Amino acid sequence: MTINEIQDRIIEEFSDIDDWMDRYAYIIDLGNALPPIDPAFKTTRYLIEGCQSRVWLNAELVDGRVQYTADSDAIIVKGIISLLIEVLNDHTPREILDADLYFIDRIGLSEHLSPTRSNGLLAMVKQMRMYALAFDQLNS
């Protein structure tokens, strides 16, 4: 699936959930389903700067595609990083760098997060793109 096809599927899934409390519950469920990160990556080196909560993110390049793993100590944030991983995981660095992550606005996530969580979301996206940029430059 392309990044846009995954985003469109997420938008459709969220369109079936009218109430924002139910949407938060769904996001929490997504976070609970996130595969655990290797404890070796739960160090300060892998912490994302700019997040109020602690978020650890690692990425590896496997067969030309970026594989992300992450964890957070906050349940909503863990769900948000899970959504980002669902969209960006297993794509090439160039696809990730060129992606327009429109699903964030279309599902209403931006407008339903506190300012600190919104800043954290931007920091997570930025870090995921930084990994992709580093991998893209390795391939150049």
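Ile37 lies in the loop between α2 and β1; helices here are DSSP runs of H or I with at least four residues, strands are runs of E with at least two, and both are numbered from the N terminus. The model is predicted, so local features need pLDDT of at least 70 and side-chain atom pairs count only at pLDDT 80 or more, while totals for chains, interfaces and linings use all residues. Residues are numbered from 1 along each chain as its sequence is written, and side-chain values use heavy atoms, with hydrogens and water left out.

Back to Ile37. Is Ile37 buried or exposed? Ile37 is buried, at a relative accessible area of 6%. The cut-offs are under 20% for buried, over 50% for exposed, and in between for partly exposed, with a 1.4 Å probe and protein chains only. Leaving out residues up to four places away in sequence, Ile37 touches Lys42, Trp56, Asn58, Thr69, Ala70 and Asp71, where contact means heavy atoms within 4.5 Å. One of these partners, Thr69, is 32 residues from Ile37 in sequence and 5.6 Å from it in space, C-alpha to C-alpha.

Next, Gln67. This residue is in strand β2, residues 65–72. Gln67 is partly exposed, with a relative accessible area of 25%. Beyond four places in sequence, Gln67 has contacts with Asn58, Ala59, Glu60, Val62, Asn89 and Asp90. Asn58 is also on the list for Ile37. Gln67 and Leu83 are 16 residues apart in sequence, and their C-alpha atoms are 14 Å apart.

Asp90, touched by Gln67, sits in the loop between α3 and α4, the latter being residues 93–98. Its phi is positive, about 70 degrees, although Asp90 is not a glycine. Asp90 counts as partly exposed, at 39% relative accessibility. What is the phi of Asp63? It is near 55 degrees, a positive value in a residue other than glycine. Asp63 is in the loop between β1 and β2, and at 77% relative accessibility it counts as exposed.

Now the helices. Two packed helices are described by the angle between their axes and the distance between the axes. The axes are lines fitted to C-alpha atoms, for helices over the stretch in contact, and the angles run from 0 to 180 degrees between N-to-C directions.

Helix α1, residues 3–15, and helix α2, residues 20–32, have axes that come within 10 Å and cross at roughly 135 degrees. The two helices are therefore oblique to each other; angles under 35 degrees count as roughly parallel, over 145 as roughly antiparallel, 65 to 115 as roughly perpendicular, and the rest as oblique. Which residues make the contact? From α1 they are Glu13, Phe14 and Ser15, and from α2 they are Arg23, Tyr26 and Ile27. By class, that contact has three nonpolar, one polar and two charged residues. Here Ala, Val, Leu, Ile, Met, Phe, Trp, Tyr, Cys and Pro count as nonpolar, Asp, Glu, Lys and Arg as charged, and the others, Gly among them, as polar.

The axes of α1 and α3 come within 8 Å and cross at roughly 140 degrees. That angle makes α1 oblique to α3. On the α1 side are Ile3, Ile6, Gln7, Arg9, Ile10 and Phe14, which meet Leu83, Glu86, Val87 and Leu88 of α3. This contact divides into seven nonpolar, one polar and two charged residues.

Tyr24 is another residue of helix α2.

Last, the cavity. How many cavities of 30 Å³ or more does a search of the whole structure find? It finds one. A cavity is a set of points, on a 1 Å grid over the protein atoms alone, where a 1.4 Å probe fits but cannot get out, and lining residues have an atom within 4 Å of a point. The largest cavity has a volume of about 70 Å³; grid points are joined across faces, edges and corners, and a volume is the space filled by probe spheres set on the points.

The lining of the largest cavity includes Cys51, Gln52, Ser53 and Val77. Helix α6, residues 115–139, gives the most to this lining, with five residues. The lining has five nonpolar, four polar and one charged residues. Ser53 is in the loop between α2 and β1 and is buried, with a relative accessible area of 16%. Among its contacts beyond four places in sequence are Val77 and Arg117, and both of these also line the cavity.

Note on methods: 1 Å grid on protein atoms, 1.4 Å probe; cavity = no way out; pocket = protein on both sides within 12 Å on 5 of 7 lines; lining within 4 Å.
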